[in-house]
Amino acid sequence: PDGNQLIVAAGNRVLVYDTSDGTLIQPLKGHKDTVYCVAYAKDGLWSPEQKSVSKHKVSSKITCCGWTNDGQYLALGMVNGVVSIRNKNGEEKVKIERPGGSSSPIWSITWNPSKDEHNDILAVADWGQRLSFYQLSGKQIGKDRILNYDPCCVSYFSKGEYIVMGGSDKQASLYTKDGVRLGTIGEQNSWVWTCRVKPDSNYVVLGCQDGTIAFYQLIFSTVHGLYKDRYAYRDSMTDVIVQHLITEQKVRIKCRELVKKIAIYRNRLAIQLPEKILIYELYSDDSSDMHYRVKEKINRRFECNLLVVCSQHIILCQEKRLQCLSFNSVKEKEWLMESLIRYIKVIGGPPGREGLLVGLKNGAILKIFVDNPFAITLLKQSTSVRCLDMSASRSKLAVVDEHNTCLVYDIHTKELLFQEPNANSVAWNTQCEDMLCFSGSGHLNIKASNFPVHQQKLQGFVVGYSGSKIFCLHVYSMSAVEVPQSAPMYQYLERKLYKEAYQIACLGVTDSDWRDLATEALEGLDFDTAKKAFIRVRDLRYLELINSIEERKKRGESNSELFLADVYAYQGKFHEAAKLYKKTGNEGRALSMYTDLRMFEYAKDFLGSADPKDTRMLISKQADWARNINEPRAAAEMYLSAGEHVKAVDIIGEHGWVDMLIDFARKLDKAEREPLAKCAGHFKRLKHHGYAAEVYSKMGDLRALVLLHVETCHWDEAFELVEKHPQFKNDVYVPYAQWLAENDRFEEAQKAFHKAGWQDEAVKVLEQLTHNAVVESRFNDAAYYYWMLSMQCLDIARGRRKDDMLKKFQRFQHLAELYHVYHSIQRYTDEPFSSHLPETLFNISRFLLHNLTKEVPLGISKVNTLYALAKQSKALGAFKLARHAYEKLQGLRVPARFQESMELGSLTVRSKPFHDNEDLVPMCYRCSTNNPLLNIQGNVCINCRQPFIFSASSYEVLPLVEFYLEEGISDEEAVSLIDLEVPRAEQRSPAQWQEMSSGGILLQNLGVIVIVLLQGGSEFVPVVVNRAVLRSMSRRDVLIKRWPRPLSWQYYRSLLPDVSITMCPSCFQMFHSEDYELLVLQHNCCPYCRRPIDEPS
């Protein structure tokens, strides 16, 4: 199995030979009859320890046998033309009967040893002169192959790719694994009875009839072709594989015959077979297309050393002769050289006129055009040519000679430019004129221009060089090696050839190489190259620098040293940059650079004893930096020393250093308003209002001072300022009112709004207060707020919207009185005890009920009013009124708590007489008419329609009659006439009757005026008095409501002077004097308008 020994069966002997030199090692004796075949055991299926072997009978004589690779099945070939496949136990599994039967005995069978095949494949050779292939199942693969001789032996190569066969034709032949004959291995003088292939090698041994043992070595030469990035090579002797070296795509073309030569050029592929040449073309012009189709077939046998294909021709090379044939097999041109042709290459050209580069053994190098019968000698050297290539622009020629020297010539001058040793092949870079590479001695050498060679390890031959890829053939495989072009690029950079270095870099270098190129080009002020290189590495910072320099150049700047200084600054070479800035007179830029980089010490050294202004600027920048690195105190002190007061104040204020801030503020001049204002702002924020006030005072900013007091709610100081400077009244009173409102001091807020002249706001606050009081059932407060609202409206009526405001005044006065009255009712119904006398509650209920005939204001309950009236009426003997009240209640929705009491009262009142107590009946003091307790007219006399005047505490009818002044009498004159007391004698004159034009009689008797309205009138006729009557009145009997403008004063005459009546000077409500005094003592103010008793009237 290891190929070291050869075992030969000859007669009845077994001979063992050494395969390395053919010497006989030992003869093995022991067989008494002829030994037909021998084989080494490779899998140990049978061993000497086994006592016996199993035997099986077969139908015919066995001529050959073979185990499958896994040793599970045995194939037997028999004389009767049958192949029997059996398992290890000898049981027949498959029987293959050949068509020739016993006339075609099976002489040799063997299994394919390949591990790559999916099925076990059996090769069968019979004396019907046929070779066939079968699967283990007995199914035939392909057709029978006709041999034209009787085969005696079949043997596979170790990997199963080829078959060796010998027999009656006295020779051993090589076949593919599919049975395609490739050629003769060796011819003998007698039949070849046996042949074997040395394991894992290309050695074949033959045994012949005449006793000859022949040992051959097979050499499989490389058949291939290359054009740019397409490489075509032979595979399995009969196939051609075309490989795209860039995309790594491969396509296999099966020829089913021995492939002798391959040539490829652009979209053409030529394959030479034993009897013909096939011309293939690509389906499309796409550079990555790999689909080939047959274009032409030349059915002729050709003998040639080299084959070349062009667009329309094939070139055959046979020793010294070159023939050009069209695809139709017509010979168009022929060239005869003076020496053997060693190398030929198509170097391109238009279709039908391509150029060929030819190297001869005598050292001549020729250029031949296929349409030109004459060869052009490019140059002649003394040594034989092994390899040739021409540069992209066809100006240089590289030659490798028989001494492995690479020589480069200038084609035009024939001058030898340089030569390099240790080369076996050479290739120019197709994308760069000045670069070539050559291989040899296990190294790859790259040479750019006339720089030293850059070397790296690489096995094989260089066959192509495109961009950064080098195409290398090693044994049978072609590979594209990516080679960074860094070394040649740096060689160009050393000579400051930036554009050439950029061209090299474009072929393929690393990112760091691109950056080095960009930096070098920038320092060499080649901005165009630097820009392109920085774009490659996407460095926006440097691109911005280059763009700014280009813009400056467009504007006419041309100082290269200044540009270089900018470049150095960007690269971090700050001291070199500063020197160049100084040299070009741009010290300011150097200073800015140092300060931006916080290199303040360098900046100071650079400045030396320069302008103090620059020094201040430097200190300021240093302070900026100190601030940024969180050293605020140092920054503040630097700002102060640099005169940047505002920035200093900001830092001190931000960190709350109050003492430092006030010291600085006191040192500042009052003209420096911005820093002072910032100081004050920081003091306000830090709640140091005293310091803030001090700063504002220093600035003389009174408005800011006022606003400070307002913001801090220091109202006393604010009011003190307003007294001296009334123009700030609104700035104080409005915020004060809002503050009061926010702190639930609404009444004071309302007054403050009023004081500030914000009438609408004052009214709005009062309306809200009133609404809240009603909703919360604080009816006493509601009455007070409505009274205040009415007075507010009266105040507004003096200036604008007179009629509208006067209507509101009347309405709010009316509502104030209703809520004032209802407060007592609500307390009576909701609380367990009442401080009011029954008569008072009775009067209040009647008064309120008479006022609820048209509308019931929010919060006032008619049920509560009727309930209180019913209870008090019943208690005081006004049963008729009580019964009426209970009946009214039955028509209303009564709360559950009153239900039982109401029903009981309603029942019990029916047991009482149906009339009212006479003592309760009210009398009109104008016409002396007794009025019913329930008056459909309301609170006016049913006879004379004179409105009743009620006490604001007990709601008894007061003995007062309102009178009006005659036209032409002013309020002041009326008061002066009343103040003129009439002499006593006049007063004692007899009573007089006077007819009045109004239809009434005026009776004067002892100073008492009684006005009687004649019966039958339904209209209210007011009492109008003239000057004489006014003179006759006593001052103490007249009460005057002195309303402010635009209202007129109201005059009332007491008809019972002995009844003492007091009128509040603020709200003009009338009271019995004792009641008023008692209430004032209780509340320390008027019970209606809450005017304090000590307030001047």
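Strands S8 (residues 106–111) and S9 pair in the antiparallel sense over 5 bridges; strands here are DSSP runs of E, at least two residues long, and helices are runs of H or I of at least four, both numbered from the N terminus. Pairing requires that DSSP finds at least two bridges between two strands. The model is a predicted one, so to speak of local features takes pLDDT of at least 70 and side-chain atom pairs count only at pLDDT 80 or more, while totals for chains, interfaces and linings use all residues. Residues are numbered from 1 along each chain as its sequence is written, and side-chain values use heavy atoms, with hydrogens and water left out.

Back to the strands. Trp111 has Leu122 as its bridge partner in S9. On to the next strand: S9 and S10 (residues 130–135) also pair in the antiparallel sense, over 6 bridges, and Ile121 is partnered by Gln135 in S10. S9 and S10 make a hairpin with 3 residues between them, and Gln129 in the turn has a positive phi of about 60°. S9 itself (residues 121–126) is mostly covered, with 6 of its 6 residues buried. Buried means under 20% relative accessible area, with exposed being over 50% and partly exposed in between (1.4 Å probe, protein chains only). Ile121, Ala123 and Ala125 point one way from S9, while Leu122, Val124 and Asp126 point the other way, and all are buried.

Next comes the nonpolar interior. A nonpolar core is a set of buried Ala, Val, Leu, Ile, Met, Phe, Trp, Tyr and Cys residues joined through side-chain atoms within 4.5 Å. The largest has 63 residues, and Trp787, Tyr819, Leu848, Leu960 and Met1070 have the most contacts inside it. Elements giving two or more residues to this core include helices H20 (759–775), H21 (779–797), H22 (802–830) and H23 (838–851). H21 gives the most, at 13 residues. Beyond its neighbours within four places in sequence, Leu960 is in contact (heavy atoms within 4.5 Å) with residues including Ile949, Leu1039, Tyr1052, Ile1061 and Met1070.

As for H22 and H23, their axes come within 10 Å and cross at roughly 135°; axes are lines fitted to C-alpha atoms, for helices over the stretch in contact, and angles run from 0 to 180 degrees between N-to-C directions. The two helices are therefore oblique to each other, the class left over once under 35 degrees is roughly parallel, over 145 roughly antiparallel and 65 to 115 roughly perpendicular. Residues of H22 including Leu818, Val821 and Ile825 meet a set in H23 that includes Leu841, Ile844 and Leu848.
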